[in-house]
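Hello,

Here is the structure for your files. My notes on it follow below.

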Amino acid sequence: MGKRRAGRELLRSLSKKQKKHLREFGEEHPFYDKLLLLLPLHSCFPFQSEDSDKSSAESDSETEVEQVSGYHKLLATLKTSPESESEEEEDESESEEDEETEAEMDSEGLQETVEAEGGEEDKNDVPEEEEDTAEQMLSQEQADGTDTSCDPRHGVIEEFTDMKHESEFSLETNFMEEESGDCNADKRDSNPFKQHMDKELEDKEVEKMSTLPKTSSQSQWPRLGQLIFSSTLEKHKTLKADKEIDVKQLHLRKPLESTWPKVNKQFLSSVDKPSDSPFTPLQRELFCIMNSYRDLFYPERNALTNGEEIRHAYCLHALNHVLKANAQVLSNNAKRRDRKPGTDTDDYRDQGLTRPKVLMIVPFRECALRIVHTFISLLEVNDKKKIDVSNKKRFKGEFGSDPEEKPPNLKRPEDYEAVFAGNIDDHFRIGVAILQKSMRLYAPFYSSDIIIASPLGIRTVIGAEGEKKRDFDFLSSIEILIIDQADIYLMQNWEHVLHLMKHINLLPLNSHGVDFSRVRMLNLNSWSKYYRQTLLFSALQDPQINSVFNKHCFNYVGQVAIRNVPLTGSISHVVVQLPHVFRRLEAESVTSVIDARFQFFIDKVLPEYRDAIMSHTLIYVPSYFDYVRLRNYFKKEDLNFTHICEYTKKAAVCRARRFFLKGEKQFLLFTERFHFYKRYTIKGIRNLIFYELPTYNHFYSEICNMLKATDNGVDATWTCTVLYSKYDAQKLAAVVGIDRTAQMLQSKKNVHLFVTGEN
């Protein structure tokens with residue numbers, strides 16, 4: 001009785017929109033689920049083995065009881081006192097007249113470990129959501145007949161298992177359809193897929209790639225610009241850009257040859273003739289590199305301009321790879337069926353140790369939704385020949401978005417709207433199986449061809465060392481790894497990406513029912529990482545992203561990185577008349593620059609701003625670690641300051657902005673990640689200090705242009721101080737341009753720049 005009463009009380013706390021979604025889908029919309037970040041990693045294990053699938057029905061009731069009790073324990077820790085709630089409402093009402101319309105911050109995959117260092121206040125700064133009733137949700141879903149195995153709110157996450165379609169999408173029990181006309185496709189010697197996967201490396205070559213440094217060469221392409229080709233093997237050939245591409249020469253599988261021009265038509269210029277290439281200039285050069293199976297790093301992805309172009313290009317490549325690989329398996333199935341006894345079985349080695357071939361890492365559910373829609377469009381020849389997509393309704397409900405969720409008066413920059421469009425939940429994963437003319441969504445990972453996941457979603461699957469329930473065997477035979485919008489993961493939690501790279505292409509701990517007579521020798525030799533192609537797309541060049549590309553990509557064919565240098569920089573977009581002072585600090589190494597910057601700031605910079613005349617000073621801090629360190633120092637020195645970070649509550653943000661605008665607080669500590677997720681205009685700034693150069697170069701001009709938001713700012717004396725070191729060369733070039741960067745790095749003196757608003 002106690003549990004039912006608690007469930008009813010928690011259900012009353014749901015809004016009408018949440019209750020409606022609960023009735024329709026049997027579960028709460030993932031947009032409102034904030035508790036995922038607080039769950040222990042071992043409680044988010046998403047799939048079962050084949051043996052556990054058989055007994056899942058028998059253990060459901062026992063598992064659910066345990067999940068409910070654990071869930072209620074978690075909810076008990078999230079209770080808030082009525083006094084704090086009333087105080088928050090009072091603070092919001094007082095500052096209502098000074099605030100813009102604000103949207104709810106979604107789950108951002110923020111660093112939980114940092115939160116503990118942030119002190120007592122930051123622990124309470126995590127946004128609170130309306131509490132769920134686990135028991136009520138379970139009973140409702142059971143009544144509606146809804147599958148709950150994939151709902152991460154139920155403690156132990158079980159993989160969605162659709163036994164009805166298991167045999168239909170099994171590679172082992174199906175054969176190539178004769179009408180496809182591609183039974184002999186695997187015999188084409190010029191097929192890039194066959195050339196790459198059938199290459200047999202020697203032990204000497206593997207030893208070279210493991211020990212010797214890479215040799216590099218440069219090339220200039222019309223659209224991509226400057227390319228750096230690198231490889232360890234001696235037989236290194238520089239790729240040349242194709243001016244024109246014939247779709248028939250790309251060795252695309254059916255029906256991609258006919259569907260790609262139609263799907264990609266939206267990106268082609270109206271000036272292009274029908275006979276012209278079905279690729280845009282950017283897509284043509286990118287796909288030329290992708291189809292050669294080289295690793296690719298493209299750091300100029302822009303959500304506003306070329307983001308969708310790039311997504312379509314890598315979707316085409318990934319789907320083409322999966323169709324070719326599956327066609328080879330199905331064709332060999334028929335050959336094995338018809339073979340004579342005693343025939344050598346080594347001719348049919350066409351698989352990896354596990355089935356998943358492509359892993360796509362994207363930041364939000366909306367990105368996964370667009371990828372799946374692109375796959376469906378590429379597989380449907382016309383309206384009459386539609387493919388069968390299982391679990392499509394469920395996918396649309398969980399990955400789609402409700403337009404009413406977004407406040408109508410919310411005004412943000414265009415790039416913000418493009419990045420945070422649709423469902424921006426960042427905890428998800430989904431398996432996709434493709435076989436001939438059918439697609440299966442929510443396929444178990446070991447029955448999937450493609451896995452689409454967020455870094456947080458895949459991280460909770462892999463787990464941590466020492467945990468009982470963890471699995472990364474499904475990553476053992478990944479042949480194509482696509483990491484899109486890598487810059488956003490810097491704002492979420494980059495550790496999840498590094499954790500993934502450490503567990504990909506390892507030998508599996510279990511066999512998972514594989515037929516070893518069909519496994520390629522490269523997989524048995526644990527050489528999968530030398531055949532894996534990595535496609536990395538980002539909006540910027542960053543040392544952490546470069547490190548992943550340089551240290552975790554071992555493709556024997558080689559790597560291609562686009563390295564264009566910025567000529568002007570974002571300082572040219574500053575529209576206010578503002579003197580910029582760039583102050584150089586010295587550091588012996590990359591690891592010591594953090595302490596050197598802090599010491600330089602408190603010894604040389606902060607004393608100049610302690611005077612009351614230098615009021616209204618905003619300190620922009622990109623790293624949360626640095627923010628915590630500065631905040632603790634300011635408290636220790638009893639300075640008159642306020643602070644805003646990504647964990648700060650809504651009411652505290654309103655209060656801090658009001659104090660800073662009225663001059664009641666002299667300093668405002670302001671984190672980059674808060675600006676990334678909110679993009680508020682901070683009023684009242686007269687003095688700017690960039691503790692470190694921004695990760696996104698356009699944030700520099702955005703923050704500087706906030707000075708014009710102050711009504712009485714015309715008569716004020718504005719200042720802008722930037723701290724930098726020789727290790728900030730990339731960020732510095734993105735702000736001031738390559739020419740000024742070279743001069744500033746050569747000179748050890750402070751650099752003064754004055755922007756008139758016309759630069």
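**Salt bridges and helix packing**

The structure holds 22 salt bridges, a salt bridge being a side-chain nitrogen of Lys or Arg within 4 Å of a carboxyl oxygen of Asp or Glu. This is a predicted model, in which local features need pLDDT of at least 70 and side-chain atom pairs count only at pLDDT 80 or more, while totals for chains, interfaces and linings use all residues. Residues are numbered from 1 along each chain as its sequence is written, and side-chain values use heavy atoms, with hydrogens and water left out.

One of the salt bridges joins E608 and R583 at 3.1 Å, N to O. E608 lies in helix 23 (residues 593-609) and R583 in strand 12, so the pair ties together parts 25 residues apart in sequence; helices (H or I, at least four residues) and strands (E, at least two) are DSSP runs numbered from the N terminus. R583 is buried at 12% relative accessible area, whereas E608 is partly exposed at 43% (buried is under 20%, exposed over 50%, partly exposed in between; 1.4 Å probe, protein chains only).

K194 and D198 also form a salt bridge, at 2.8 Å, N to O. Here K194 is buried, at 15%, and D198 is partly exposed, at 41%.

Helix 11 (residues 256-263) and helix 13 (residues 307-338) have axes that come within 12 Å and cross at roughly 170°. Axes are lines fitted to C-alpha atoms, for helices over the stretch in contact, with angles from 0 to 180 degrees between N-to-C directions. The two helices are therefore roughly antiparallel, the term for angles over 145 degrees.

Regards

Conventions:
Angles under 35 degrees count as roughly parallel, over 145 as roughly antiparallel, 65 to 115 as roughly perpendicular and the rest as oblique.
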